[in-house]
Amino acid sequence: MGRNTTPKQDWMLLIGFSVVLLAAPFLLTPVGAGYPDLLQKFAIFGIFALGFNILFGLTGYLSFGHAAFLGVGSYAAVWTFKLFSMNPILALIVATVIGGLFSVIIGFVSLRRSGIYFSILTLALAQMSYNMAYSVATPITNGETGLQLAQSDPRILDVAFGRDYGAVLPSSDLFGIHMNGYPGFYFCAVIFIACFFLSMRIFRSPFGMMLRAVKSNQNRMSYTGLNVRPYTLAAFVISGMYAGLAGGLMAVTDPLAGAERMQWTASGEVVLMTILGGAGTLLGPVIGAGVIKYFENIFSAFNEGVLTQLFDFLPAFLQHAMVSVSSLFVGEGWHLTLGALFMVIVIFLPGGLMEGFNRIRSLVARLLRRDTEEPEKPDPIERVPEPAE
Amino acid sequence: MDDILLQILNGLDKGGAYALIALGLTIIFGTLGVVNFAHGALFMLGAFCAVAVKSLLGFEKVVLDPTKLTAWGTPVEIRTPYIEAWFGDFGTQMLNFSVPVSIIIAIPVMLLVGIIMERGLIRHFYKRPHAEQILVTFGLAIVLQEIVKSQFGANPIPQPAPEIAKGMVDFGAMIGLQAGGVVYPAWRLIYFLFSLLVIGAVFSFLQFTTFGMVVRAGMADRETVGLLGIDIDRRFTIVFGIAAVVAGLAGVMYTPILSPDYHMGMDFLVLSFVVVVVGGMGSLPGAVVAGFLLGIVQSFASMNEVKAIIPGIDQIIIYLIAVVILLVRPRGLMGRKGVMEQ
């Protein structure tokens, strides 16, 4: 991601992104990802990672508690369904706002410290929210059962507009279009594109510049007389709102909410998505989210039978060894793969896939240049005379 | 009075575990400047050392006795652990004392694990940003956890305490109160004493040995120690190993109190971080004091009388305290100015 892109290039990127996303059902069918449930996940976690990237990628503040906002957004959306209307737009607005409010509280406390303290604080506060969802807040969260819709919910607005769902459990619908399957995906995709656009505007804005300055040297920024806290808090709240929105979308596509969404492993997952794709780049988190969800889907489906077939070409004893080793990593063991991937990426490619692409591109460019023309003799260094004072 | 004493006792064993893990975290943080998110996994590995030793000791020889028949008409199987067959009563005692015996095994194992971890992974992250240190140790924690899960399964595996320590101790009578007022499980008391012992050992190691002196000097100013011709990196590797042993021992001895499962480390890790923050990052006494303090506070919060006033407070009290401390005293109880500010 070049820092100095022109507005035209940005528009091209946005258009390209939208086209790819909207055509995803066709593009991804050959690799076995062309079905709506998975595509919805791509979009939802893409939004989540985009938001996380605004905080982590730009300011460098590593939050380990972002799943809390995701969970809160889900709860808020389901409550909106229950109390007001099955219209997803209202639910998403509420989810975003509640996610934002929640992140104001957590951000206000945890942004008093930076660095490791900040990570630990966000982790602790998120874990506290998770515990509360199981204990104190059970009237709101319905504890371990999870929050579900019921036929007897009031749904004030739906009733006021004369919508009756009859004897079936209602599902969320946008003026009559049900939010599951492909309509659900396209609904998510449109929101995803809007979020991407917003994220792009933030990256290019003076505000985004400020956030980058926080990352590169916070002290120097304070010395120039700027108060850093409002900027970091704003970034934190924006990313909290993204997470709330993503949580809301989860509830829209599948109207129930459980506390396990708030667990810190979920927070770790979004960190991994962002890192894997490339923190601080615009497209990176989106790619990271896609890759992780895709491989989660594939790896979880593997089992020993499939593996045995896969290694069929090997001699029997090798086949057995390969199957028993690799079966650790698939199916139930997907988390092991996730953890190992985490380590490999951080150790060898801290800039993520985007950095990898860039490296390969520059490598290829260099090779091509060498092929076509002999390296020119280096110009004698031109000495520009210092202008006389 | 008795109730209060009982709650304090209740807090002490959990507080002991918090203190031991937080102590190791602080040592690593103070010496290497690395936040070790895998420290909870070390605690868990220690606990599974006990599980492994127990199952190794418990290998059984199966003999069919054709003279006796079961209700199904098959010969009765007589199972005797090999260790009993070989060593007789001594073997029986070994089995009985499997948890304390595990300590002997756990110390070298954890030392090795710690040294391999430091040499193989953490070493390359000294100069990297804190965020990457956190992330790589987090990944390692997941990997360790999943490996244990694949070997030992996802269910908790109960570990019995030795017969002699299974009963209750009339603690009230011991300190001269009315007999029968404060009765407490013996193993939990042992755990508390054990944690004090380990803490004492670590402190005296750092305080009274030359090695400890060099380590403390390295914590204060690493470069100068290096300039004096001391290979501080090698010492720090051993320090990491010691921190791993401390966490591992905390895990081994905790198994009779809480049946180990693969995610126990993560649960304790988050709380231990809070303990470190409350105690003051980089302060060893702070970690210990805050560990016991939070353990006791938590046990008071889980009293029914307290829960009647504020329901669910036991789940969140520790986090609330951490938030309050951070707002009022951002450096923690015993943190010093300038230490680990960034």
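Author: Contact here means heavy atoms within 4.5 Å. The model is predicted.

Start with the single site. A:Thr274 sits in helix 13 of chain A, which spans residues 264-277. Its relative accessibility is 0%, so A:Thr274 counts as buried; the cut-off for buried is under 20%.

Now the interface. Chain B puts 43 residues in contact with 36 residues of chain A. The size of an interface is often given as the accessible area lost when the parts come together. Between chain B and chain A the buried area is about 3700 Å². Carbon and sulfur atoms give 80% of that area. On the chain B side, B:Leu135, B:Phe138 and B:Tyr319 lose the most area to chain A. Together they make up 16% of what that side buries.

Next, the polar terms. The count of salt bridges between chain B and chain A is 0. The rule finds 2 residue pairs in polar contact across the interface, both at pLDDT 80 or more.

Which elements of chain B give two or more residues to the side that touches chain A? They are helix 6 (130-152), helix 12 (264-279) and helix 15 (313-328). Helix 6 of chain B gives the most, with 15 residues. By class, the residues on that side of chain B divide into 30 nonpolar, 7 polar and 6 charged.

Notes
Residues numbered from 1 in each chain as written. Chains lettered and ligands numbered in written order. Predicted model: local features only at pLDDT ≥ 70, side-chain atom pairs only at ≥ 80, totals over all residues. Heavy atoms only, no water. Helix = DSSP H or I, 4+ residues; strand = E, 2+ residues; numbered from the N terminus. Buried < 20%, exposed > 50% of the residue type's maximum accessible area, 1.4 Å probe, protein only. Buried area = accessible area lost by both parts, 1.4 Å probe. Salt bridge = Lys/Arg side-chain N within 4 Å of Asp/Glu carboxyl O. Polar contact = N/O pair within 3.5 Å; in protein donor to acceptor, adjacent residues only side chain to side chain. Nonpolar A, V, L, I, M, F, W, Y, C, P; charged D, E, K, R; others polar.
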